[in-house]
Structures are given as structure tokens and as C-alpha cells.
Amino acid sequence: MPTGIQSFMGLSTSACNVVAGGSYDIAEGSVRGAGYEGEYIIGGNRYSKDPLALTMRQDDAQWSDFVYWIVGATFYAEEKGITQATSNEMPLINLFGS
């Protein structure tokens, strides 16, 4: 697993598009302190009882939407008890084309 500095440098080089972590870990001071100088946004949604959030490159709205829906679908499946064996119970959506 990469360190925080490696993760934020991955944003700089486009090696990654999303970094998830605790609110403190992805706060602007931490991101800038790790050497990342590009634009970024911190998602407003929380994905656990712990204060976690996602941060991603600001110049790729489609990727941001994709990540949001994948994370949301994962939590929905967990809440509903949907597993690989019962994946046909997962609602179908067509947000990104067929």
C-alpha cells in the first residue's frame, strides 16, 4: 500500500485519480504538505462511521461520478446483504451508457 505522499504524487502524475482516507489525511494542509500542488476536491459524502472521505482530481467529473456510484453500490449491496451469488438482486441503472 502506498504512503500518503506516494498517493498524492500519484495524483500529480495521473497514476491514480482518487485517494481515500480520513478527513485529516486528505485535508488541504496534509495534501499540500505531501507535495501535491494540483487542483482537487474533497467529497462531501461520508462512507463509514469513521470520518472518511474521497478526494480526486478536479478535472475529471465523469471519473468522479463513476467512483461515487461504485462506492455507493458497494455500500448498498452490503446493507441489503447482496453477495456475488445473489448479485441479480442488485438494481440495474444506466448512468454511463450500455
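This briefing walks through a helix, a surface patch and a salt bridge in the structure above. Please keep in mind that the model is predicted. Helix H3 covers residues 61-80, and a search of the whole structure turns up 1 salt bridge.

**Helix H3**
- Ser-64, Val-67, Val-71 and Ala-77 are the buried residues to look at in H3.
- These four cover an arc of only 165 degrees around the axis, which means that they sit on the same side of H3.
- Ala-61, Gln-62, Glu-79 and Lys-80 are exposed on the other side of H3.

**Nonpolar surface patch**
- Trp-63, Phe-66, Tyr-68, Trp-69, Ile-70, Ile-93, Leu-95 and Phe-96 make a nonpolar surface patch of about 760 Å².
- One of these patch residues, Ile-70, is placed in helix H3.
- Ile-70 counts as partly exposed because its relative accessibility is 43%, between the 20% and 50% cut-offs.

**The salt bridge**
- Side chains of opposite charge can pair when their charged atoms come close.
- Here Arg-32 pairs with Glu-28 in a salt bridge, with 3.6 Å between the closest N and O atoms.
- Both partners, Arg-32 and Glu-28, belong to helix H2 (residues 28-33) and are 4 residues apart, about one turn of the helix.
- Arg-32 is partly exposed at 27% relative accessible area, and Glu-28 is also partly exposed, at 48% relative accessibility.

How values were computed. Residues numbered from 1 in each chain as written. Predicted model: local features only at pLDDT ≥ 70, side-chain atom pairs only at ≥ 80, totals over all residues. Heavy atoms only, no water. Helix = DSSP H or I, 4+ residues; strand = E, 2+ residues; numbered from the N terminus. Expected span 1.5 Å × (residues − 1). Buried < 20%, exposed > 50% of the residue type's maximum accessible area, 1.4 Å probe, protein only. Arc of directions from axis to C-beta. Patch = residues over 30% accessible without salt bridge, like charges linked within 9 Å, V, L, I, M, F, W, Y side chains within 5 Å. Areas by Shrake-Rupley, 256 points an atom, 1.4 Å probe, with all protein chains shown as cover. Salt bridge = Lys/Arg side-chain N within 4 Å of Asp/Glu carboxyl O.
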